Amino acid sequence: MSIPNELAKNFSEVVPALKPMEAIHEANRCLYCYDAPCIKACPTSIDIPSFIKKIATGNLFGSARTIMESNPVGASCARVCPTEELCEGACVLNSASKPIMIGLLQRHATDWAIQNQATLFSKGEANGKRVAIVGAGPAGLSAARELARLGYAVTVFEAKEKAGGLNTYGIVSFRLPQEISLWEVEQVEALGVEIRTHTRIGEDVSPDELLDQYDSILLAVGMGNVPQLNIPGEELEGVLDAIALVEETKTKPLSDEMLGKKVVIIGAGNTAIDAATCSKRLGADNVQILYRRTVQEMSCYQFEYEFAKQDGVEFRWLVAPTRVLEENGRVKGLELVRMELGEPDEKGRKRPVAIPGSHFVIEVDYVVKAIGQNRHLSLLEAFGLQHRNGIVEVEEGTYRTSHVKVYAAGDVIFGGGKTDAMVVDAANHGKRAAHAIHQSLNDQIQPV
Amino acid sequence: MADLSINLAGIQSPNPFWLASAPPTNSGYQVQRAFEAGWGGAVWKTLGEPIINVTSRFAGLNFGGQRVFGFNNIELITDKPLEVNLKEMDETKRRFPKHTLIASLMVEHKREAWHEIVKKVEAIGVDGLELNFGCPHGMAERGMGSAVGQHPDLIRQQVEWVKEVAQTPVIVKLTPNITDIRFTARAASLGGADAISMINTINSLMGVDLDKWLPIPHVDGKGAHGGYCGPAVKPIALNMVAECARDPKVGIPISGIGGISDWRDTVEFLLMGATGVQVCTAAMHHGFRIVEDMIDGLTNYLDQRGIASVMDIVGKAVHTYSDWGYLNLNYKVVARIHEETCINCNKCHIACEDTSHQCIDIVPDAVTGKERLVVREEDCVGCNLCSIVCPVEGAIEMVEIPSDKAPLSWNQRQAALAAGGSCEL
């Protein structure tokens, strides 16, 4: 077997699906609570006891429908949601036994729908209104699905080759295979939604054209690349963007360039974990996550941290990169400075401060940047939207921006200290924004 | 989407799911909540003389970690005055005119008493009547409920009295506390009943308290038999429904009751001849919301088979339910163990070895040394025991062994022998 084929095995789904008998046993263990806390803990309010009951009665079609009704990207969320912080964390059985494996049951039901090519929804009767959605990620797709069911003619504009956004490109294959995300895209397209890929607003289509041609516009553009570290040597070959690294493993034949190499990841969020575990699976010999704060401050989920450690990723706290060292135009090493935690910043997090004279150098072959993501400022400006540092300001509850025809959902409105926004939150925003748009446009056609 | 509406002896209902006459249908508040949740109909808790109840009055049978596998009660019919019930029924019917509202009735063995109550409930616009000849406790000791339901002649007579004045369809609810339910079903039919419903609850003693040495439940140191229901009674109910459905002397529609907990149970009852079902224990266990999966599951079941109306499956399996004497003696199945799914718990082996026909061997594999289970098919009688005790779905399959002999039933065999012929088994 060739090396890339050998590596490909590393990228197959890590968490196994429930076996059929396991799913039935687990479903029958659910207490079917009334007004269940798991429903409240789910941002999209999936009726979890109901979908689990339907697994127990063999109504898998109904189960998948219950899930996808509430969450148009429910198959992806079954795999990527931090369930122990959401539904499973709220399960009443935590205090009596073990929580129900809600995420895996959700995956069981949605996998059934995928394997059986079930048509779960149908489009609504056309109401003559047109809505443009910018961005085909979780928020955009959710909104498109809801609007199509309500009878709107929906066009989604997507800059990339395929729709799905983060789910298609940004989450490592061994957690979320691309075909799951693409199935969700197909479900939306089956409702008559037109998805124009390879189309960038501001380049291929102007914001004014959208404003002219559509009754409403939903901005669901997500985020861009990882920002600059602003240290010398950043331009060298071997300095990578974590998001681009993950995307490559999902879109191109796997490269064996990292085999036996030393890789460092700068940052300790969920993207950093993805980049680190990806590097390990690409054959890197040594992978270290470098973070300028400590384990207490890092923003990745606990299960991600555990997963990375089990993958053999090393963590180094209280260090920050100061210079990338070069040999023949390539990364050779990294100069770091030791940090200590100082006074709390405005968000209450202790500020890391460099310890003077503590510089040292480590030998590395790749430096992967995972220190957050840039926002699509120029697009927001082109629509003339009010925003704070790229976070679009929206009206509470309606997701309407400062422009009366423009709404925003997903990453473009996440902010306020959250370094990582969840797919399920984006789906929820998209769904609610769709209903707000419907409310508004429906009001317009009501007789006075 | 399939049409779920039913017509039971002229009674229309938006779907086949009714709440049975029981604690869940005790008041307008409850029945209206049920209709909002999606139930197609409700049989209002039996009207009659106001009753004084005891505490406690329910007991649950938990089995293997599952709660309320069985359930029983010693509660009596309505404890509210008739006027209060009639007022609430009237309000409910006005708020939900398209839902089915049936009045369950129980009065003493007097023609005038039946006439009077029938006229009163029909005056408020119920869709039908259900005569309660089934309750096994309390009322039976006063000559009502199952005391009537155990006497075909009493059933027939009281149905006739009711039919003298009734304007709406009359359903007779039968007790299973009887040797052969077809006799009481036939009596109801002869009396002019438009339909029968079954089963009411079964005499039961739910348990005995190991510490107090008292029946469960008990009332101040004494217990009494209660009416048994819940998932555990389903096979008994299903048999009784099927027996009546295939009996030409009964010949009237059936409302199925007894341990129906989900849409699959419902399909089974419909296939075996019920036109709609009544549910109680499952609603008491989980609340009215369970009807959502019942409706959804039934709709999906019909849609996936391209069946347009739920009425199209009513009775479709009745003709396959027969007597032992008509079963083909030359049909043979044997057990086959699928090694790829077998988890080697060896439960099939010991069940067969100790209690059946000793035909499942534990054989070491010559190559791997691992033990395998192998059925000696020539010795297997096809009893099913191994596949029943096997915990893994599909690991043991009962496979048909083709026979070169013509089908032959016991009845055919006896007839052939009597005619002096021979027959090949």
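Student: How far apart are the mean positions of the positive and negative charges of chain A?
Tutor: This is a predicted model, where local features need pLDDT of at least 70, side-chain atom pairs count only at pLDDT 80 or more, and totals for chains, interfaces and linings use all residues. Side-chain values use heavy atoms, without hydrogens and water, residues are numbered from 1 along each chain as its sequence is written, and chains are lettered from A and ligands numbered from 1 in the order in which they are written. Lys and Arg count as positive, Asp and Glu as negative, with His and the chain ends not counted; each charge is placed at NZ of Lys, CZ of Arg, CG of Asp or CD of Glu. For the 46 positive and 58 negative charges of chain A, the mean positions lie apart by 4 Å.

Student: What is the radius of gyration of chain A?
Tutor: The radius is taken over C-alpha atoms, and the globule rule is 2.2 Å times the number of residues to the power 0.38. For 448 residues that rule gives a value near 22 Å, and chain A agrees with a compact globule because its radius of gyration is 23 Å.

Student: What share of the residues in chain A is buried?
Tutor: Buried means under 20% relative accessible area, exposed over 50%, partly exposed in between (1.4 Å probe, protein chains only). Of the 448 residues in chain A, the buried share is 55%.

Student: Which residues of chain B lose the most area to chain A?
Tutor: Contact means heavy atoms within 4.5 Å. By that rule, 14 residues of chain B touch 13 residues of chain A. Buried area is the accessible area (1.4 Å probe) that two parts lose on being put together, summed over both; here it is about 1200 Å². Together giving 38% of what the chain B side buries, the residues that lose the most are B:Arg289, B:Asp293 and B:Asn300.

Student: Where does B:Ser56 lie?
Tutor: Most peptide bonds are trans. B:Thr55 and B:Ser56 are joined by a cis one, with omega about -10 degrees. Helices (H or I, at least four residues) and strands (E, at least two) are DSSP runs, numbered from the N terminus. In chain B, B:Ser56 sits in the loop between strand 4 (41-47) and strand 5 (58-63).

Student: Is B:Asp220 buried or exposed?
Tutor: B:Asp220 is not a glycine, yet its phi is positive, about 50 degrees. Its place is the loop between strand 13 (215-216) and strand 14 (226-229) of chain B. Because its relative accessibility is 77%, B:Asp220 counts as exposed.
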